[in-house]
Amino acid sequence: MSITIATTLDLKGLSCPMPIIKTAKAMKTLVPGELLEAFATDPGSVPDFKAWAKATGNPLVESTQEGGVFHFILKKKEA
Amino acid sequence: MAAEVVILGGGVGGTIVGNLVAKQAEGRAHVTIVDATGIHVYQPGFLYLATGLERAAALHRPESQLLRHDVMLVVDRAMRVDPAAHTVSLESGRQLRYDHLVLATGSRTMMEEVPGALDAHDFYTMAGAERLFKALEAFQHGTIVIGVAGIPYKCPPAPVEFAFLLDDYLRARGIRDQTEVKLLSPLNRAFTIEATSKLVQPILAERGIELTGFFNVESVDPVAKTVTSLEDETVGYDLLILVPPHRGQEVIETSGLGDDRGWVPVDKNTLKHTKFADIWAIGDATSIPISKSGSVAHYEATVAAAEIAAEVKGEAPPAHVYDGRVMCFLETGQGKATTIRFDYDHPPVSPSPARRWHWAKALFNKTYWYTVPQGRLP
């Protein structure tokens, strides 16, 4: 099964809490099951994305780091 | 010939820059401040006005009283900056030419950007704070909700401070038992700064203030009296207080000097515009990801003033640049407060709430008029 990303957000250079707020706004536009990926450079975004996913029920499918850039994939929860 | 230094905005930042450039340039600068009202407002006082602890009259003074005699005040609205022609057009039709321009235009609040929220209360303007206090005086029982409808906003800890001062107010009136106080935060903590959030969260719990995390206010239903978040949660209220969305001033947007929200991109150390070498921006007006607060405007103003004074005197730029310094007080209620201090290289630290910080803040509020605008404090 291939993974299709519905929306990609470039949040590099933004500091807390902007990455999570921009992500929350973008997630509103997705339909259940769709994926959103985000790239951020603020180290605080790692715990923030994890906590936001847990609090809102939208699963955090991936959270990785490469060369100082954090990469997240969130899945829109079923309605 | 003296250099023309024009400053847009007579708030804390603009006033300090004006006074310091006039002093440090040693007669080689002609300094003009353009301000739409000519009234200097002490915005940190709005929290106290909204909770009945201060009078509106104590929070404003004529800007002319705070300026050196050699700083010219023009009471007019700046409509457009032309960076190629080095001019500022004013509402009256007058045009000012500049050699050095400082954008100290602050921010404006935009409650109209939140669907259904036009009647929500706020403590971000003098009129808003006065109206909120009237509503509190009429309040008898029910649920008071405090939420955040947009980031960035002025003074990140203000919603938490307001919650504590509100708790004091309701206790003093003897109606705290009949009132639920709910604080809705955009993050999973009291506010952006983690260390200080950890310090104040137990105090919120102790005072019975319910904290709901990840609640980014999206819309209000004023008939059903509910507020809904981007995260699809809904909370009911009897009295709603929102931090309104903020954006830069119209003149910034009209002149194409800012980003999509009207915040001015500047070098985070020199505060010079990223595109124009003769334009600086300070305080709320910039897009630097740092607190929008009076202390930031104050520290940045001293840096911008020294740079401009050095340029007009033909000297090398000063070694001291803005290091991201922020210092603020945070009232925790019941006569105590803490402080928050940090800069680009040092994470925020806050001491345990104590009476001395509350008194230090009270003293600062009173002595502000004789020290800060004149640039007498470092």
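Strands S7(B) and S8(B) make a hairpin with 4 residues between them, and B:Gly93 in its turn has a positive phi of about 105°. The model described here is predicted.

Strand S7 (residues 87–90) of chain B is joined to S8(B) by 3 bridges, and the two run antiparallel. Across this pairing, B:Val88 stands opposite B:Leu96 in S8(B), while B:Ser89 has B:Gln95 in S8(B) as its bridge partner. S6(B) and S7(B) also run antiparallel, joined by 4 bridges. Here B:Asp82 stands opposite B:Thr87 in S7(B). The hairpin of S6(B) and S7(B) has 4 residues between the strands, and B:His86 takes a positive phi near 60° in it.

Chain B also holds an open sheet with parallel pairing, made of 5 strands in the order S5-S2-S1-S9-S19. Which strands stand at the edges of this sheet? They are strand S5 (71–75) and strand S19 (279–281) of chain B; each has a single partner strand, so one side of each is left without a neighbour in the sheet. From one strand to the next, the twist averages 20°. Strand S2 (residues 29–35) of chain B is linked to S5(B) by 5 bridges, and these strands run parallel. One of the pairs across them is B:Val31 with its bridge partner B:Val71 in S5(B).

Helix H1 (residues 12–24) of chain B packs on this sheet, where it touches strand S1 (3–8), S2, S5 and strand S9 (100–103) of chain B. The direction of H1(B) makes about 165° with that of S2(B). Helix H7(B) lies across S1, S2, S9 and S19 of chain B and runs at about 175° to S9(B).

One residue of helix H7 (residues 294–312) of chain B is B:Ala309. Is B:Ala309 buried or exposed? B:Ala309 is buried, because 24 other C-beta atoms lie within 10 Å, and 20 or more count as buried. Leaving out residues up to four places away in sequence, B:Ala309 touches B:Val21, B:Gln24 and B:Ala25. B:Ala309 and B:His320 are 11 residues apart in sequence, and their C-alpha atoms are 13 Å apart in space.

In chain A, A:His71 is found in strand S4 (residues 69–75). With residues up to four places away in sequence not counted, A:His71 touches A:Glu37, A:Phe39, A:Glu62, A:Thr64 and A:Glu66. A:Glu37 is 34 residues from A:His71 along the chain, yet their C-alpha atoms are separated by 7.1 Å.

The C-alpha separations given for these two residues are set out below.

| Pair | Apart in sequence | C-alpha separation |
|---|---|---|
| B:Ala309 and B:His320 | 11 residues | 13 Å |
| A:His71 and A:Glu37 | 34 residues | 7.1 Å |

Another helix of chain B is H3 (residues 126–138), with 13 residues. At 1.5 Å a residue H3(B) should span 18 Å, which agrees with the 19 Å between its end C-alpha atoms. Its buried residues are B:Gly128, B:Ala129, B:Leu132 and B:Phe133. Seen down the axis of H3(B), they fall within an arc of 135°, so they line one face of the helix. An α-helix has 3.6 residues a turn, so residues three or four places apart point the same way. The exposed residues B:Ala127, B:Lys134, B:Glu137 and B:Ala138 are on the other side of H3(B). The buried residues of H3(B) pack against helix H2 (46–50) and strand S17 (239–243) of chain B.

The two chains also meet: 11 residues of chain B are in contact with 14 residues of chain A. The side of chain B that touches chain A has 6 nonpolar, 4 polar and 1 charged residues.

Key. Residues are numbered from 1 along each chain as its sequence is written. Chains are lettered from A and ligands numbered from 1 in the order in which they are written. This is a predicted model: local features need pLDDT of at least 70, side-chain atom pairs count only at pLDDT 80 or more; totals for chains, interfaces and linings use all residues. Two residues are in contact if their C-beta atoms, placed from the backbone, lie within 7 Å. Ala, Val, Leu, Ile, Met, Phe, Trp, Tyr, Cys and Pro count as nonpolar, Asp, Glu, Lys and Arg as charged, and the others, Gly among them, as polar. Two strands pair if DSSP finds at least two bridges between them. The expected span of a helix is 1.5 Å times one less than its number of residues. A residue is buried if 20 or more other C-beta atoms lie within 10 Å of its own, exposed if 12 or fewer, and partly exposed in between; C-beta atoms are placed from the backbone. The arc is that of the directions from the helix axis to the C-beta atoms. Axes are lines fitted to C-alpha atoms, for helices over the stretch in contact, and angles run from 0 to 180 degrees between N-to-C directions.
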